[in-house]
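Have a look at the model first.

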Amino acid sequence: MRGPKFEAMSGLWMAAFLGAVLVAAPGVGAAKAQQSTGQTIPRTQPTGIPPIDGERPDNLNDPMAAQQRASRARAFAEDRQKHIVDETAKLLQLATELKMDMEKNNKSEPPVDMSRKAEDIEKLAHDVKQRMRS
């Protein structure tokens with residue numbers, strides 16, 4: 001005597017087994033066909049799933065997509081250049097102000113605001129250097 005719980009479990013196991021067979025069957029059939037004919041079957045990307053790099057394979061040879069990528073690259077380069085020029089101008093202004101402040105102050109120990117200005121110059125110079133590298 002088997003109870004309804006056993007019948008339900010055996011039904012679930014049977015469904016799981018049939019599901020696994022149905023999923024594996026196309027792959028096995030393709031592998032056997034490849035072995036018997038000696039031909040390779042091209043693997044395709046499933047539809048609706050974008051590739052890892054974000055580019056769609058159909059866009060790689062599209063001239064409009066290439067033009068858009070080039071346009072984005074130009075815009076990025078122009079923005080980068082503008083940012084470098086702006087930061088460099090600010091760097092020059094801060095350095096000139098610091099020089100004038102140092103000339104006015106003849107004390108042996110500079111005030112705290114000059115020290116902060118020197119730190120700001122250092123950070124800005126580092127940022128400009130990093131941006132120029134990338």
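In this predicted model, glutamate 103 and lysine 99 sit 4 residues apart in helix α2, about one turn of the helix. They form a salt bridge, with the closest N and O atoms 3.5 Å apart. Glutamate 103 is exposed at 51% relative accessibility, and lysine 99 is exposed at 53%.

**Other salt bridges**
- The count of salt bridges comes to 4.
- Aspartate 86 pairs up with lysine 82 in a salt bridge, the closest N and O atoms being 3.2 Å apart.
- Those two residues are also 4 apart in α2, so about one helical turn separates aspartate 86 from lysine 82.
- Aspartate 86 is partly exposed, with 41% relative accessible area.

**Linking α2 and α3**
- Glutamate 97 makes a salt bridge to lysine 117, with 3.2 Å between the closest N and O atoms.
- Because glutamate 97 is in α2 and lysine 117 in α3, this pair ties together parts 20 residues apart in sequence.
- Glutamate 97 is partly exposed at 29% relative accessibility, whereas lysine 117 is buried at 18%.
- Glu97, Asp101 and Lys117 belong to a salt-bridge network.
- The axes of α2 (residues 63-104) and α3 (residues 112-133) lie 9 Å apart, at an angle of about 155 degrees.
- That angle is over 145 degrees, so the two helices count as roughly antiparallel.
- The crossing of α2 past α3 is left-handed.

**A buried charge with no partner**
- Glutamate 87, in α2, is buried but has no salt bridge.
- Arginine 131 is the nearest side chain of opposite charge, 4.1 Å away, and the salt-bridge cut-off is 4 Å.
- Leaving aside residues up to four places away in sequence, glutamate 87 touches Leu124, Asp127, Val128 and Arg131.

Key. Residues are numbered from 1 along each chain as its sequence is written. This is a predicted model: local features need pLDDT of at least 70, side-chain atom pairs count only at pLDDT 80 or more; totals for chains, interfaces and linings use all residues. Side-chain values use heavy atoms; hydrogens and water are left out. Buried means under 20% relative accessible area, exposed over 50%, partly exposed in between (1.4 Å probe, protein chains only). Lys and Arg count as positive and Asp and Glu as negative; His and the chain ends are not counted. Contact means heavy atoms within 4.5 Å. Axes are lines fitted to C-alpha atoms, for helices over the stretch in contact, and angles run from 0 to 180 degrees between N-to-C directions. Angles under 35 degrees count as roughly parallel, over 145 as roughly antiparallel, 65 to 115 as roughly perpendicular and the rest as oblique. A crossing is left-handed if the near helix is turned anticlockwise from the far one by less than a right angle, and right-handed if clockwise.
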